[in-house]
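Good morning, and thank you for making time for this. Please have a look at what comes up on the screen, and then I will walk you through some of it.

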Amino acid sequence: MLSYLTRWVSRGAFQALKGTSSRPQLVKTPHLGNQTLAAAPLPFTGGSPGVRQARALDQERLLQIDWDDGSCSLYPFTWLRDNCQCPHCTLQSAQARSLLFTNLDVHTGMDQVQLMDNKVSITWPDQHSSEFDPDWLKKRCFSSEARQALQEELFLNEREYWDSSLQIPTADFEEVLHDDKAALAWLEALRRIGIVYLRGAPAEQGQVARLSQRIGYLRLTFYGHTWQVQDKPMANNVAYTSGELSLHTDYPALHHPPGVQFLHCVCQADQGGESEVVDGFHMAEQLRREDPEAFNILSSLRVDFTDSGADYCDFSVQSKNHIIDVDSEGRVTRINYNNATRDSVLDVPLHQVQPFYSSLTAFVELLSRPENMCTYRMEPGDMVTFDNWRLLHGRKSYLSRGQNSRHLEGAYLDWDEVMSRLRILRKAVRGDS
Ligand SMILES: [Zn+2]
């Protein structure tokens with residue numbers, strides 16, 4: 001069996017985002033201190049549900065399906081007609097809807113519904129007919145539990161929080177490149193934990209590009225396709241010095257910062273240069289509990305960020321971002337914070353300036369607590385892959401030797417492309433859709 005290993009000691013340090021029931025668990029192996037970077041079980045476990053009965057509720061214009069397991073699902077007529085899977089309504093080769101919206105009767109009735117070969121067969125008033133697979137229908141049930149399960153399967157939004165006791169999940173670089181199971185385990189851990197360490201890459205430039213080809217393509221920015229973190233004269237970025245970098249996310253000066261970051265160590269400093277990471281989602285939730293006012297300010301007030309210079313080409317970037325982004329349900333979705341590119345322009349009324357600074361102080365104080373911060377030191381050939389929307393990262397200052405000194409090569413990707421590869425790998429490895 002393959003050995004994508006992780007040292008994963010302190011499970012007790014993790015906390016679930018919310019008390020959700022189907023949290024994935026890493027599987028322990030009997031080896032001392034080692035654990036398999038196991039693929040997480042899917043929350044939705046398909047199976048083939050039988051249909052006991054299907055009937056049209058004409059008054060409500062709903063199709064009711066009674067399943068063999070005693071449960072029941074309701075599907076609006078309009079939605080069923082809109083999603084007819086026949087070759088006229090769906091372009092099979094693209095799995096895309098070819099039915100024009102203007103040709104959809106959003107007030108359609110239903111002439112007949114019957115069960116044929118364990119398929120739900122519907123005849124519409126214009127005598128068009130549709131056939132639906134029970135598995136397909138069951139997965140798309142409109143109950144809140146079913147919708148939640150399917151959304152989790154699609155987006156894997158459940159996270160495991162961590163603190164300084166994190167043993168960073170680790171996999172073998174070449175195995176991830178060549179083995180689908182290893183690649184899937186890597187991406188699932190990257191999503192769930194937010195950071196995965198890859199060992200055994202050649203200690204030469206070009207490896208972050210190789211790994212991004214495993215996903216699809218990397219994200220070009222003004223710093224180039226890939227970028228070299230080195231001590232440079234007339235640096236166009238604070239990262240390109242030998243100084244300390246306080247905890248930050250990369251590129252909040254963009255309105256859509258890169259979702260995923262790869263950093264590959266080509267050469268390490270003799271002294272200093274240790275890396276630090278903090279779980280930004282965990283910290284934001286902690287701030288919400290400990291200082292709700294600070295959380296409200298940082299999640300509602302938009303801060304100006306700026307970045308200008310020349311690299312891939314000349315640039316002058318401006319953005320307005322919340323330091324803590326939350327979605328419509330109040331869940332933290334992204335941290336946007338880099339003190340170096342936070343603009344002197346601050347577009348808030350006078351009376352909100354001091355409260356903003358006080359709130360940011362509370363957040364930064366949380367981030368900097370030793371019990372929250374995980375520290376590691378990269379050696380040549382090591383690569384760290386992490387969620388740039390979630391983690392804040394930094395480094396200690398180091399002693400620069402000019403040429404032949406510390407050298408990291410980095411690349412960005414976006415979550416859409418990474419999740420796309422994850423879904424395809426999941427289908428290849430487990431055969432589910
Ligand atoms: Zn059709």
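This is a predicted model: local features need pLDDT of at least 70, side-chain atom pairs count only at pLDDT 80 or more; totals for chains, interfaces and linings use all residues.

Two residues are in contact here if their C-beta atoms, placed from the backbone, lie within 7 Å; axes are lines fitted to C-alpha atoms, for helices over the stretch in contact, and angles run from 0 to 180 degrees between N-to-C directions.

Residues are numbered from 1 along each chain as its sequence is written.

The sheet itself is open and consists of four strands in the order S14-S23-S16-S21, with antiparallel pairing. Its edges are strand S14, 245-248, and strand S21, 373-376, each of which pairs on one side only, and the twist from one strand to the next averages 15°. Strands count as paired if DSSP finds at least two bridges between them; helices (H or I, at least four residues) and strands (E, at least two) are DSSP runs numbered from the N terminus.

A second open sheet has three strands, ordered S3-S4-S5 and again antiparallel. Strand S3, 51-57, and strand S5, 72-76, are the edge strands, each pairing on one side only, and neighbouring strands are turned by 20° against each other on average, direction ignored. Six bridges connect S3 with strand S4, residues 62-67, in the antiparallel sense, and Val51 stands opposite Trp67 in S4.

Let me turn to a helix. H10, residues 415-430, has 16 residues and reaches 22 Å from its first C-alpha to its last, close to the 22 Å expected, where the expected span is 1.5 Å times one less than the number of residues. Which residues of H10 are buried? They are Leu422, Leu425 and Arg426, and they lie on the same side of H10 because they cover an arc of only 105° around the axis, the arc being that of the directions from the helix axis to the C-beta atoms. Buried means that 20 or more other C-beta atoms lie within 10 Å of a residue's own, exposed means 12 or fewer, and partly exposed is in between, with C-beta atoms placed from the backbone. Helix H5, 180-192, is included in what covers these buried residues, whereas on the other side of H10 Asp416, Lys427 and Ala428 are exposed. Just after H10, Gly431 takes a positive phi of about 75°.

Two residues other than glycine also deserve a mention. Asn118, in the loop between strand S8, 112-116, and strand S9, 119-123, has a positive phi of about 55° although it is not a glycine; Asn118 is exposed, with 12 other C-beta atoms within 10 Å. Gln127, in the loop between S9 and strand S10, 129-132, has a positive phi near 75°, and Gln127 counts as exposed with 8 C-beta neighbours inside 10 Å.

Finally, for the protein as a whole, the secondary structure comes to 10 helices and 24 strands, and buried residues make up 35% of the 433 residues.
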